[in-house]
Amino acid sequence: MTFTQMLTLAEAAAPIVIDGGLGSAAEDRGIDLDHALWSAELIRRDPDTLRAVHTAFANSGARILTTASYQATPLGFAAAGISAEEGSRIIGDSVRIARTAADRSAAPGTSILVAGSVGPYGAALGDGAEYTGSYHRSPEDYTAFHRPRIEALAEAGADLLAIETQPRLDEIRALIALTEDIGLPAWVTVTLRGTTDTTAPTMPDGSTLADFAEVVAASASVNAIGVNCVRPSLVTPALSELSKHTDLPLIAYPNSGETYDADTLTWHDGAEPGVGSWPAAEWTHLGARIIGGCCRVRPDDIAELSERTSR
């Protein structure tokens, strides 16, 4: 089954449930991810644990698994003393590991897809810039940065690209152009600046969600847009705003509601309700055809979400 076919089925049935926080689930297994490559370090150091984490999400009901390539970037590889050639192999392995877990976990007659994770340039800076958008590069710089990873994901057989946690519209433009070159379908999700829950959310670089929808509308390769790694309470206003400006399927995979401190690079307890209280039915009504979790959302949470959305 292709991503487009899965989305078509979701229009008439339950939303597609995807996985949750890969890094959080790995840390729960005692893995130290205090590394420049973050969860991408698992690809070469502990592929068995990475495969087990993917499998846990698949067994919890996730129908799309995202690869551990979010922070697998030229900057990160260079900092770790890894050559460009070895970096491409590592990225390809991220697809192969996820594919093995997907194929082994899929029930007869069903498919679990593999989405190649493409994080923003800011993720490689290691200072939380994916949540602030406090960087700027030329379109050519963005293209040179992202092309090796996207090409490696495509060559390894990813079903689609998860262009995620994006804080800047100029970078999204460059990424969309790359998806057109490569020929893979994609979803694009953004983070949001710290707004109140009653005002229209905006991207960290100040772009509106209407701006975001307009840029994506010009692309035939982007099949869904939405938000990820935001507080759950921001999902409803974000989807409501996006639904005014696009007919594309929407996607939402918030974090647990805990607060990320970009200065200390740590998460702190938040006051948001757990996955069991997420208004998934409301998100579906607003157009969300793909729902899952991001940081601090574990396999048990995805199992609960899967059960609730299948009723």
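Q: Start with burial. Which residues of α8 are buried?

A: Buried means under 20% relative accessible area; exposed means over 50%; partly exposed lies in between (1.4 Å probe, protein chains only). In α8 the buried residues are L169, D170, E171, I172, A174, L175, I176, L178 and T179. This is a predicted model, where local features need pLDDT of at least 70 and side-chain atom pairs count only at pLDDT 80 or more, while totals for chains, interfaces and linings use all residues. Residues are numbered from 1 along each chain as its sequence is written, and side-chain values use heavy atoms, with hydrogens and water left out.

Q: What covers the buried residues of α8?

A: Contact means heavy atoms within 4.5 Å. Element names come from DSSP runs: helices are H or I with at least four residues, strands are E with at least two, and numbering starts at the N terminus. The cover over the buried residues of α8 includes β3, α7, β4, β5, α9 (209–217) and β6 (222–228).

Q: How do I check the span of α8?

A: The expected span of a helix is 1.5 Å times one less than its number of residues. For the 14 residues of α8 that gives 20 Å, and the end C-alpha atoms are 20 Å apart, so the two agree. Just after α8 comes G183, with a positive phi of about 90°.

Q: What does α7 reach from its first C-alpha to its last?

A: α7 has 17 residues and reaches 23 Å, close to the expected 24 Å. After α7 comes G157, whose phi is positive, near 100°.

Q: Where in α7 does a kink lie?

A: The bend at a residue is the angle between axes fitted to the seven residues ending there and the seven starting there. In α7 the kink lies at H146, is about 35°, and comes shortly before the proline P148.

Q: Which residues of α7 are buried, and what do they pack against?

A: Y142, F145, H146, R149, I150, A152 and L153 are buried. The buried residues of α7 pack against α5 (74–79), α6 (84–105), β3 (113–118), β4 (160–166) and α8 (169–182).

Q: On to charges. How many salt bridges does the count come to?

A: A salt bridge is a side-chain nitrogen of Lys or Arg within 4 Å of a carboxyl oxygen of Asp or Glu. By this rule the count is 13.

Q: Which residue forms a salt bridge with E151?

A: R147 does, with the closest N and O atoms 3.4 Å apart. Both lie in α7 (residues 139–155), four residues apart. E151 counts as partly exposed at 30% relative accessibility. R147 counts as partly exposed at 28%.

Q: Are D170 and R168 buried or exposed?

A: Both are buried. D170 and R168 form a salt bridge, with the closest N and O atoms 3.0 Å apart. Elsewhere, salt bridges with shared partners join E86, R89, D93 and R96 into one network.

Q: Now rings. How many aromatic pairs does a search of the whole structure find?

A: A pair of aromatic rings is described by the distance of the centres and the angle of the planes. Rings of Phe, Tyr and Trp (its six-membered ring) pair if their centres lie within 6.5 Å; planes under 30 degrees apart are stacked, over 60 edge-to-face, and the rest tilted. The search finds six pairs. W187 and Y253 have centres 5.8 Å apart and planes at 70°, so the pair is edge-to-face. It links distant parts of the chain, 66 residues apart: W187 in strand β5 (residues 186–190) and Y253 in strand β7 (residues 250–253). Both W187 and Y253 are buried.

Q: Why is the pair of W278 and W283 tilted?

A: The planes of W278 and W283 are at 40°, with the centres 5.6 Å apart, so the pair is tilted. W278 counts as buried at 1% relative accessibility, and W283 counts as buried at 0%.

Q: Which residues do ring pairs link into a cluster?

A: Y121, Y135, Y142 and F145.

Q: Where does the charged end of R168 sit?

A: A charge sits over a ring if NZ of Lys or CZ of Arg is within 6 Å of the ring centre and within 35 degrees of the ring normal. The charged end of R168 sits over the ring of Y135, 5.8 Å from its centre.
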